[in-house]
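Here is a short briefing to read alongside the model. Please keep the viewer open and follow along, topic by topic.

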Amino acid sequence: MDLTTPSTENIYFMIEAIKEKLRMVNADAMKPENFDTESYEDLVYLYELVHKRDAFSPSEMQAIVAELGSLRK
């Protein structure tokens, strides 16, 4: 998938991939439609960060989720 172009489809893909990788319990709180292209670069950064790592500490997961929360509309 080409993530260089901001689009709703790319946002959906990245949010779903992050939720799956982090195995979020309350995944409904992070709906892709709650994000827009204004925060696209930050979403790409978080997506790449999450996909580069195999495991996260609880505090790292909390920080990632907090950052996602701050990017919501």
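A salt bridge here is a side-chain nitrogen of Lys or Arg within 4 Å of a carboxyl oxygen of Asp or Glu. By that rule, the structure holds two salt bridges. This is a predicted model, in which local features need pLDDT of at least 70 and side-chain atom pairs count only at pLDDT 80 or more, while totals for chains, interfaces and linings use all residues. Residues are numbered from 1 along each chain as its sequence is written, and side-chain values use heavy atoms, with hydrogens and water left out.

**Salt bridges**

- Side chains of opposite charge can pair when their charged atoms come close.
- One of the two salt bridges joins the side chains of K19 and E16, at 3.1 Å from N to O.
- Both K19 and E16 sit in helix α1 (residues 8–22), three residues apart, which is about one turn of the helix; helices are DSSP runs of H or I with at least four residues, numbered from the N terminus.
- K19 counts as buried because its relative accessibility is 12%, where buried means under 20% relative accessible area, exposed over 50% and partly exposed in between (1.4 Å probe, protein chains only).
- E16, at 26% relative accessibility, is therefore partly exposed.
- The side chains of E16 and K19 are also joined by a polar contact of 3.1 Å. A polar contact is a pair of N or O atoms within 3.5 Å; within protein, one must be able to donate a hydrogen and the other to accept it, and residues adjacent in sequence count only if both atoms are side-chain atoms.
- R53 pairs with E60 in a salt bridge, with the closest N and O atoms 3.1 Å apart.
- R53 is partly exposed, with a relative accessible area of 32%, and E60 is partly exposed at 29%.

**The nonpolar core**

- In soluble globular proteins, nonpolar side chains tend to be buried together.
- The largest nonpolar core here has 20 residues. Such a core is a set of buried Ala, Val, Leu, Ile, Met, Phe, Trp, Tyr and Cys residues joined through side-chain atoms within 4.5 Å.
- The residues with the most contacts inside this core are M14, I15, I18, L22, F35, L43 and L68.
- Helices α1, α2 (40–52) and α3 (58–71) each supply at least two residues of the core.
- Have a look at F35: leaving aside neighbours within four places in sequence, F35 is in contact (heavy atoms within 4.5 Å) with I11, I15, M30, L43, L68, L71, R72 and K73.

**Helix α2**

- Helix α2 has 13 residues and spans 18 Å from its first C-alpha to its last, close to the 18 Å expected at 1.5 Å a residue. The expected span is 1.5 Å times one less than the number of residues.
- Its buried residues are Y40, L43, V44, L46, Y47 and V50.
- V44 is buried, with a relative accessible area of 14%, and touches L3 and M14, not counting residues up to four places away in sequence.
- V44 and I15 are 29 residues apart in sequence and 9.6 Å apart in space, C-alpha to C-alpha.

**Helix α3**

- Helix α3 has 14 residues and reaches 20 Å from first C-alpha to last, close to the 20 Å expected at 1.5 Å a residue.
- The buried residues of α3 are I64, L68 and L71.
- Seen down the axis of α3, these buried residues fall within an arc of 60 degrees, so they line one face of the helix.
- P58, S59, Q62 and S70 are exposed on the other side of α3.
- The buried residues of α3 pack against α1 and α2.

**Before α1**

- S7 lies in the segment before α1 and counts as buried, at 18% relative accessibility.
- Not counting residues up to four places away in sequence, S7 touches T37 and Y40.

Methods: Arc of directions from axis to C-beta.
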